[in-house]
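Hi,

Here is the structure I promised to pass on. Have a look at it first, then read my notes below.

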Amino acid sequence: MGPNTRDIIFAIRKLAGVDGLKQSSFMTAIVNEVQEADRTISCTIMMGEAETKLTDVLLQTEPNDGFILFPKVDTEVLICLMPDNTAYVVLCNDIDKVICVIDSNNGYEFDLNGFIFNGGTIGVSVNMDLLT
């Protein structure tokens with residue numbers, strides 16, 4: 001096999017999408033519903049006059065792990081659609097709630113009601129209105 005043959009094989013593999021590179025698509029969508037327990041949303045993508053509804057759009061890669069933003073319903077989010085049709089929320093501007101899960105014993109939640117540390121199991125919650 002000469003160098004030209006390798007170039008042709010590489011070009012064919014790239015066109016067929018089997019060269020190991022995972023290409024993803026980014027698009028904006030309107031949030032229809034937030035499933036807090038599942039850490040997912042349902043949303044609608046507008047493509048011209050056509051609407052595409054997506055369900056089970058993930059808010060993070062691993063359930064119950066890390067920093068999670070919960071977008072408000074009827075607001076716009078940026079989602080990433082992976083080649084395996086898994087979709088993730090990448091960016092949201094308007095949020096209802098923030099959860100940070102550090103491990104099974106440590107984390108916090110923040111929403112309009114204030115902060116809750118470690119699930120409130122040790123009696124620690126902070127109402128921001130009372131502090132300010």
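**What I found**

Let's start with Val89: leaving aside residues up to four places away in sequence, Val89 touches Ile41, Val57, Leu58, Leu59, Val77, Leu78 and Ile79 (a contact means heavy atoms within 4.5 Å). Keep in mind that this is a predicted model, where local features need pLDDT of at least 70, side-chain atom pairs count only at pLDDT 80 or more, and totals for chains, interfaces and linings use all residues. Residues are numbered from 1 along each chain as its sequence is written, and side-chain values use heavy atoms, with hydrogens and water left out.

Val89 also turns up in the largest nonpolar core, which has 16 residues. Such a core is a set of buried Ala, Val, Leu, Ile, Met, Phe, Trp, Tyr and Cys residues joined through side-chain atoms within 4.5 Å; buried means under 20% relative accessible area, with a 1.4 Å probe and protein chains only. Those with the most contacts inside this core include Ile41, Cys43 and Val57. Among the elements giving it two or more residues are β1, β2 (40–47) and β6 (87–92).

Now the whole chain: there are two helices and 10 strands (DSSP runs, H or I of at least four residues for helices and E of at least two for strands, numbered from the N terminus). The order is α-β-β-β-β-β-β-β-β-β-β-α from the N terminus on. Of the 132 residues, 23% count as buried.

Is Gln35 buried or exposed? Gln35 counts as buried because its relative accessible area is 17%.

Cheers

Conventions
Buried < 20%, exposed > 50% of the residue type's maximum accessible area, 1.4 Å probe, protein only.
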